[in-house]
Amino acid sequence: MAKTYPYSEQQRMQAAHHWQVLAEYEATGILQQPHLRATPLYLPKHTDHPRGEFARGYRSLLTSELVSGGAIVQKEPGGAATVDFDVEVINHSDRGFIRPYPGTMTLAALATGISVLVAPSSNAALALIPPVAGADVTSGSWTSVSQEEVIITTKITDNERVLYSSSNIYYINQGDRRHYDPPRAPKPKPIPRIPLDNQW
């Protein structure tokens, strides 16, 4: 029988503020490394290969957070370690069953008038179930599971050494894919080779 992993939660990235939160988190992680606090850092602009709104926005936000935290950030790469990031967009085309959020079954049972509860330890525990189930609905933390996910890896390299690497995974809205993986221009079709007369 197939078995799932233990229940876990994954956040959805769907606002520029969420990019700010990620930049703040990564800047904190970088500055907590003693060997990086005194290391000059350089964040390339990627003007030759633009990677969408996220790349440009995240670079600016990460630069601001690093400077605010006291990092040494250079405008030129000479003598500095490079702060860069990779963005991998994943599309799931055929997802299997996803278990409901904890509390969903409790709410469904209460809504249908079913009174059978699983091993209540006391009458006080029974009294807590309706408000807890209601809190599941009104907490505002529910969101649908998306077919699109993104892996964002922030790393610092110096020559051939990786000095820092941190990866985070988020759901994204399908319409937001272009922020992370902008459409690429189609490659030109190869020019057909015309054989010479003596090759016929």
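This is a predicted model: local features need pLDDT of at least 70, side-chain atom pairs count only at pLDDT 80 or more; totals for chains, interfaces and linings use all residues.
User: How much of the protein counts as buried?

Analyst: Of the 200 residues, 26% count as buried. Now look at sequence separation. Take the contacts with a separation of 6 or more: 77% of them join residues 24 or more positions apart.

User: Which residues of the largest nonpolar core touch the most other members?

Analyst: The core has 28 residues. Those with the most contacts to other members are Met13, Leu41, Phe54, Leu62, Leu66, Ile156 and Tyr180. Next, ask which elements supply the core. Those giving two or more residues are helices H1 (16-31) and H3 (53-68), plus strands S3 (81-91), S4 (148-158) and S5 (161-172). H1 gives the most, with six residues.

User: What does leucine 62 touch, beyond residues up to four places away in sequence?

Analyst: Leucine 62 touches Ala23, Glu26, Ala27, Leu43, Val83 and Thr154.

User: At what angle do the axes of H1 and H3 cross?

Analyst: First the general idea. Two packed helices are described by the angle between their axes and by the distance between those axes. Here, the axes of H1 and H3 cross at roughly 45 degrees and come within 8 Å. The two helices are therefore oblique to each other. The crossing of H1 past H3 is right-handed. On the H1 side, the contact includes Ala16, Trp19, Ala23 and Ile30. On the H3 side, it includes Phe54, Tyr58, Leu62 and Leu66.

User: Is threonine 39 buried or exposed?

Analyst: Compare its relative accessible area with the cut-off. Buried means under 20%. Threonine 39 has 18%, so it is buried. This residue is in the loop between helix H2 (34-37) and strand S1 (41-42).

User: What lies 2.5 Å from a polar atom of the side chain of threonine 39?

Analyst: The backbone oxygen of histidine 35 does. Setting aside neighbours within four places in sequence, threonine 39 is also in contact with Ile72 and Ala81.

User: Where does serine 60 lie, and why is it called partly exposed?

Analyst: Serine 60 sits in helix H3. Its relative accessible area is 40%, so it counts as partly exposed. That class runs between the 20% and 50% cut-offs. The side chain of serine 60 reaches the backbone oxygen of arginine 56 at 3.2 Å. Serine 60 and leucine 43 are 17 residues apart in sequence, with their C-alpha atoms 9.1 Å apart in space.

User: Which strand holds valine 162?

Analyst: Valine 162 is in S5. With a relative accessible area of 57%, valine 162 is exposed. Leaving aside neighbours within four places in sequence, valine 162 is in contact with Ile156 and Thr157.

User: How many residues along the chain lie between the positions of valine 162 and threonine 82?

Analyst: Compare the chain with the space. The two are 80 residues apart along the chain, yet their C-alpha atoms are separated by 9.7 Å.

How values were computed. Residues are numbered from 1 along each chain as its sequence is written. Side-chain values use heavy atoms; hydrogens and water are left out. A nonpolar core is a set of buried Ala, Val, Leu, Ile, Met, Phe, Trp, Tyr and Cys residues joined through side-chain atoms within 4.5 Å. Buried means under 20% relative accessible area, exposed over 50%, partly exposed in between (1.4 Å probe, protein chains only). Helices (H or I, at least four residues) and strands (E, at least two) are DSSP runs, numbered from the N terminus. Contact means heavy atoms within 4.5 Å. A polar contact is a pair of N or O atoms within 3.5 Å; within protein, one must be able to donate a hydrogen and the other to accept it, and residues adjacent in sequence count only if both atoms are side-chain atoms. Axes are lines fitted to C-alpha atoms, for helices over the stretch in contact, and angles run from 0 to 180 degrees between N-to-C directions. Angles under 35 degrees count as roughly parallel, over 145 as roughly antiparallel, 65 to 115 as roughly perpendicular and the rest as oblique. A crossing is left-handed if the near helix is turned anticlockwise from the far one by less than a right angle, and right-handed if clockwise.
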